[in-house]
Amino acid sequence: MGFALVPLIFTLSEDALFSVPGALGQGSLALGATPWQTLTRVVMPGASAGIFAALMIGFGRAVGETMIVLMATGNTPVSEGGLFAGLRALSANIAIEMPEAAAGSAHYRILFLSALLLLIFTLVINTVAELIRQRLRQRYSQHEGQG
């Protein structure tokens, strides 16, 4: 799963870091800050909204990759309750059982209900992530004008 996620997260985080105006870093260095201090106190806070968005997109892709999740979790629809016991994700359950469900049956309707729950869960997570991203952007954009 790391091979699918790391390039995406890395590329988006790199874009966020390079989108921070260079004048901020140069000003920090000119005022006597070390490169490490400039990175941790100027560049990283300025790019934090983009880095957070990259992580959320990466984790969303990890959960959304049905077959990777299916293989990683062991594809067992009955869980024993343990942390390391197998499980089956909602998306994998829909992908596996939908072809076998008879149209109009209770099984068919429950699969559509689970798809609706997955959609609602995704919408809630994306909304919360967007609110956090906006708050980070707002917090660190206020500090740019001060000085």
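In which helix of the chain is confidence lowest, and in which is it highest? Confidence is lowest in helix 4, at a mean of 69, and highest in helix 2 (residues 22–30), at 92. The score in question is pLDDT, the predictor's confidence in each residue, from 0 to 100. Over the chain, pLDDT averages 83, and 88% of the residues score at least 70. Where pLDDT is low, the predicted coordinates should not be read in detail.

This is a predicted model, in which local features need pLDDT of at least 70 and side-chain atom pairs count only at pLDDT 80 or more, while totals for chains, interfaces and linings use all residues. Residues are numbered from 1 along each chain as its sequence is written, and side-chain values use heavy atoms, with hydrogens and water left out.

## Overall make-up

The secondary structure consists of 6 helices and 0 strands, so the order of elements from the N terminus reads α-α-α-α-α-α. Helices (H or I, at least four residues) and strands (E, at least two) are DSSP runs, numbered from the N terminus.

Of the 147 residues in the chain, 25% are buried. Buried means under 20% relative accessible area, exposed over 50%, and partly exposed in between (1.4 Å probe, protein chains only). The accessible surface of the chain is about 10,200 Å², and 68% of this surface belongs to carbon and sulfur atoms. These areas come from the Shrake-Rupley method with a 1.4 Å probe; for residues, only the protein chains shown count as cover.

Among contacts between residues at least 6 apart in sequence, 56% join residues at least 24 apart. Contact here means heavy atoms within 4.5 Å.

## Core and surface patch

The largest nonpolar core has 5 residues: Ala16, Val20, Val43, Ala47 and Ile51. Helix 3 (residues 35–64) gives the most to this core, with 3 residues. A nonpolar core is a set of buried Ala, Val, Leu, Ile, Met, Phe, Trp, Tyr and Cys residues joined through side-chain atoms within 4.5 Å. Leaving out residues up to four places away in sequence, alanine 47 touches Ala16, Leu17 and Val20.

Helix 6 gives the most to the patch, with 8 residues. Leucine 113, found in helix 6, is partly exposed, with a relative accessible area of 47%.

## The salt bridge

How many salt bridges does a search of the whole structure find? The search finds 1, formed by glutamate 130 and arginine 133, whose closest N and O atoms are 2.6 Å apart. A salt bridge is a side-chain nitrogen of Lys or Arg within 4 Å of a carboxyl oxygen of Asp or Glu. Side chains of opposite charge can pair when their charged atoms come close.

Both residues lie in helix 6 (residues 106–142), 3 residues apart, about one turn of the helix. Glutamate 130 is partly exposed at 31% relative accessible area, whereas arginine 133 counts as buried at 18%. Leaving aside neighbours within four places in sequence, arginine 133 is in contact with Ala49, Phe52 and Ala53.

## Single residues and distances

Serine 28 lies in helix 2 and counts as buried because its relative accessibility is 12%. Apart from residues up to four places away in sequence, serine 28 touches Ala33, Thr38 and Val42.

Methionine 98 sits in the loop between helix 5 (90–97) and helix 6, and at 22% relative accessibility counts as partly exposed. With the residues up to four places away not counted, methionine 98 touches Asn93, Tyr108, Leu111 and Phe112.

Glycine 2 is placed in helix 1 (residues 2–18) and is partly exposed, at 40%. Isoleucine 68 is in helix 4 (residues 66–73) and is partly exposed, at 23%.

| Pair | Apart in sequence | C-alpha to C-alpha |
|---|---|---|
| Glycine 2 and glycine 58 | 56 residues | 9.9 Å |
| Isoleucine 68 and alanine 92 | 24 residues | 9.3 Å |
| Methionine 98 and tyrosine 108 | 10 residues | 7.0 Å |
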